[in-house]
Every structure is written in C-alpha cells, then in structure tokens.
Amino acid sequence: LLTTFPQEPHSLGLLMVECLLAMEGGRCLSLGTQTPLPDIAKAVQSQQVDIVALSFSLSMNPNQVSEGLQELRQQLPSTVEIWAGGRNTGLRRRALPGVTVLGALDQIPGQVRDWRQVHRA
C-alpha cells in the first residue's frame, strides 16, 4: 500500500516507488497522497496489506513525520511492515521501532528480496 500522510502533498516519490515495486513483481495499491491515518489502517485491514510504503518530502514538518509514524505503527498489526523514505529529516532523527527507513530508491530491490526471504515460509 502506497500513500503519504495528510500533510504531505507530494506524489513523485510514491510514483517512483510504485514503479520499482512493480518491477520487482509487487502488487501495489496506491491510495494517492494525503491519506488520514485511520484510513490507512482500514485499507491495510480490508486489503490484507503486508507493507505500507510512505514518502516524505522536505516540505512536511519533521516532528509530524516521526509522531505520525509512531501513531501509525500503533494502529497497524505488528505483522505489517512500514517502509518510509524521502528526504525529510524526521526520518533520520532517531530510530523508530517497527519502521524501516529507506535512504535511497536503489535500496528497494534489496529490501523486497529480504522481505520475501523472511516471508517465504
């Protein structure tokens, strides 16, 4: 599932990630931009989502990024992974338990391979 938080209007990062995931054989469900956290949680449940991929530009407040990721993590089952990427400094301030921060697009193929290895069983 791909989306951004309500305060994040930029979609280019989402589109690039969706392309890379599709090239790796991933089934993508894009909610577009500015999705409220409860709606993300509902979509995860109704669509049986394994991974939520979020994009964060520099335009979003870094505190809202880290607080939003913590709140979303609490709303999702522990089996659902959160992958966050983009240039927002809120992603790099401190480690967020249960959130994988991807620093560059070229990390996506390896991240997908690692996820598949863990979830093959």
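Predicted model: local features only at pLDDT ≥ 70, side-chain atom pairs only at ≥ 80, totals over all residues.
Seven residues of helix α3 are where I would like to begin: Pro62, Val65, Ser66, Gly68, Leu69, Leu72 and Arg73 are buried in α3. Seen down the helix axis, these buried residues fall within an arc of 165°, so they line one face of α3.

As for what covers the buried residues of α3, the elements include α2 (37–47), β2, β3 and β4 (99–102).

Now to the geometry of this helix. Helix α3 runs over residues 62–75, and its 14 residues should span 20 Å at 1.5 Å a residue; the end C-alpha atoms are 20 Å apart, which agrees. At the N-terminal end, α3 is capped by Asn61, with a side-chain oxygen of that residue 2.7 Å from the backbone nitrogen of Asn63.

Let me turn to helix α1. This helix comprises twelve residues, 12–23, and reaches 17 Å from first C-alpha to last, close to the 16 Å expected at 1.5 Å a residue. Which residues of α1 are buried? They are Gly13, Leu14, Val17 and Leu21. These residues cover an arc of only 95° around the axis, which puts them on the same side of α1. Leu12 and Met23, on the other side of α1, are exposed.

The partners of the buried α1 residues are β1 (2–3), β2 (51–56), β3 (81–86) and α4 (108–119), against which they pack.

Note on methods. Residues numbered from 1 in each chain as written. Heavy atoms only, no water. Helix = DSSP H or I, 4+ residues; strand = E, 2+ residues; numbered from the N terminus. Expected span 1.5 Å × (residues − 1). Buried < 20%, exposed > 50% of the residue type's maximum accessible area, 1.4 Å probe, protein only. Arc of directions from axis to C-beta. Contact = heavy atoms within 4.5 Å. Polar contact = N/O pair within 3.5 Å; in protein donor to acceptor, adjacent residues only side chain to side chain.
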